[in-house]
Amino acid sequence: NYYKMKVEQIYTGCIAEAAYYIVSNNEAAIIDPLRETEPYLERLHDDGVQLKYIFETHFHADFVSGHIDLARKTGAQIVYGPLANADYEIYSAKDNEEFKLGNITIKVLHTPGHTMESSTFLMIDENGHEHAIFTGDTLFLGDVGRPDLAIKSDVTREDLAGYLFDSLRNRIMPLPDGVIVYPGHGAGSACGKNMSSETVDSLGNQKMNNYALRADMTKEEFIKEITEGLLPPPQYFPKNAMMNKHGYDSIDKVFERGNKPLSLEEFKKEKENGAIVLDTRHQSEFEKGHVLNSLYIGLHGNFAMWVGALITDIKQRIILITSEGQEKEAMMRLARVGYDYPVGYLKGGIQTWIDAGEEVGTVNSISPADFEKIYNEDLNIVDVRKPGEYNAQRVTNAITLPLDYIHDHLDDLDKDKTYYIHCAGGYRSVSAISIL
């Protein structure tokens, strides 16, 4: 089998998250796995190796990790760094503790700051060289983890930022420049402010290019820089962190509950009983025809993040309208962020609804060229992009209503007026229209 070590980054664009699969000899470890266990079990099977450890860099807030299911299915040990307490069986490692994996060693560096239990895993190769660090949310490429997501509320974000400064200076920056940095997230994640779209780099490059690793930076400057301009975290973050700490339903149970084709009558009954209709098709399909009062979040975009921002009740019962064959994909991506209560999907999709003569909603789409012809200063134009996008460049007289916080500002609009809604590519505006 494998006598050489192998590191595979498993990057999931939907939530900008990187899990890592490491093999040496006949043993494997996985760092920060996503909720679904299949991709990992397949790799273990194909490589003919035994999963020995599941390393968690911290209690994640932006997704529900698959560590509990994976440990149950493989017998692997779940390892967190110091100060981690969970409601299921874990091993809370000591600072500098070493774990043997085949011919390599994984060393735990306690790097509090993003959260108090946050740790970085240093990989030492078979020749004893410091090869790579798996930094979780401590160090990103071009950025560092935000210091306001810790579950315990008796530590301020300024305190955490101070700890993070020390962790970076004392534990990470002294490592050799050639060490590879494998971060927990890339661009698009809300766990940092401004991370790079690259997903791997050398520590030497980061020391030169990452604002948070400037050699001449004082602790005060660092605290000010990383706490300034932090937008509030999405509402689902603390809920996911609690699920990661306290445990959750098995992914198999979630699929069992949700993977049910519903007849039109069953679908309507669920809708009447308070289930939310979630339409995950492309926005162009939704525009042509959709179930009235359904929420639009397309699977082809940052689906999980938008679900977490727009569906405030994590235990909300959900019924799905998807493109054919995408039902299970939608359920899996809901479960990644802890939305475990899809209770079925409309069999035959939107066509079933239309064929039955049920009332259908549509959205009028207008091209920029046609919009320009009718544009005048009295039109009500709503820009649902992020504040940074709006501030950089906007349509004259457009008001800002970021989709991320739309529920807090619904009263800012007049129900009796006509609005022209836009974003950057159509995805967010159609989502906003479905809510309005």
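Start by selecting Y427, R428, S429, V430, S431, A432, S434 and I435: these are the buried residues of helix α15. Buried here means under 20% relative accessible area, exposed means over 50%, and partly exposed is in between (1.4 Å probe, protein chains only). Helices (H or I, at least four residues) and strands (E, at least two) are DSSP runs, numbered from the N terminus.

A quick note before we move on: this is a predicted model, where local features need pLDDT of at least 70 and side-chain atom pairs count only at pLDDT 80 or more, while totals for chains, interfaces and linings use all residues. Residues are numbered from 1 along each chain as its sequence is written, and side-chain values use heavy atoms, with hydrogens and water left out.

Now show the whole of α15, residues 427-435. Because 8 of its 9 residues are buried, α15 is largely enclosed by the rest of the structure. For contacts, the cut-off is heavy atoms within 4.5 Å.

Next, pick C423. Is C423 buried or exposed? It counts as buried, at 10% relative accessibility. Then jump to C14, which is buried too, with a relative accessible area of 9%. A disulfide is a covalent bond between the sulfur atoms of two cysteines. Counting cysteine sulfur pairs within 2.5 Å as disulfides, a search of the whole structure finds 0.

You'll find R394 in the loop between α14 and β23 (399-400). R394 is partly exposed, with a relative accessible area of 44%. Which residues does R394 touch, not counting those up to four places away in sequence? Select D383 and R385 to see them.

Stay in the loop between α14 and β23 and click on N397. N397 counts as partly exposed at 40% relative accessibility. Check its backbone: N397 has a positive phi of about 75° although it is not a glycine. Most residues other than glycine have a negative phi.

For another positive phi, go to D32, at about 50° and again not a glycine. D32 sits in the loop between β3 (27-31) and α1 (38-47). D32 is buried, with a relative accessible area of 3%.

Colour by secondary structure and look for 15 helices and 24 strands. The C-alpha trace spans about 70 × 50 × 40 Å along its principal axes. Buried residues make up 54% of the 436 residues. Of the contacts with a separation of 6 or more, 66% are between residues 24 or more positions apart.

Last stop, the charges. Colour Lys and Arg as positive and Asp and Glu as negative, leaving out His and the chain ends; each charge is placed at NZ of Lys, CZ of Arg, CG of Asp or CD of Glu. That gives 43 positive and 66 negative side chains, with the centres of the two sets 2 Å apart.
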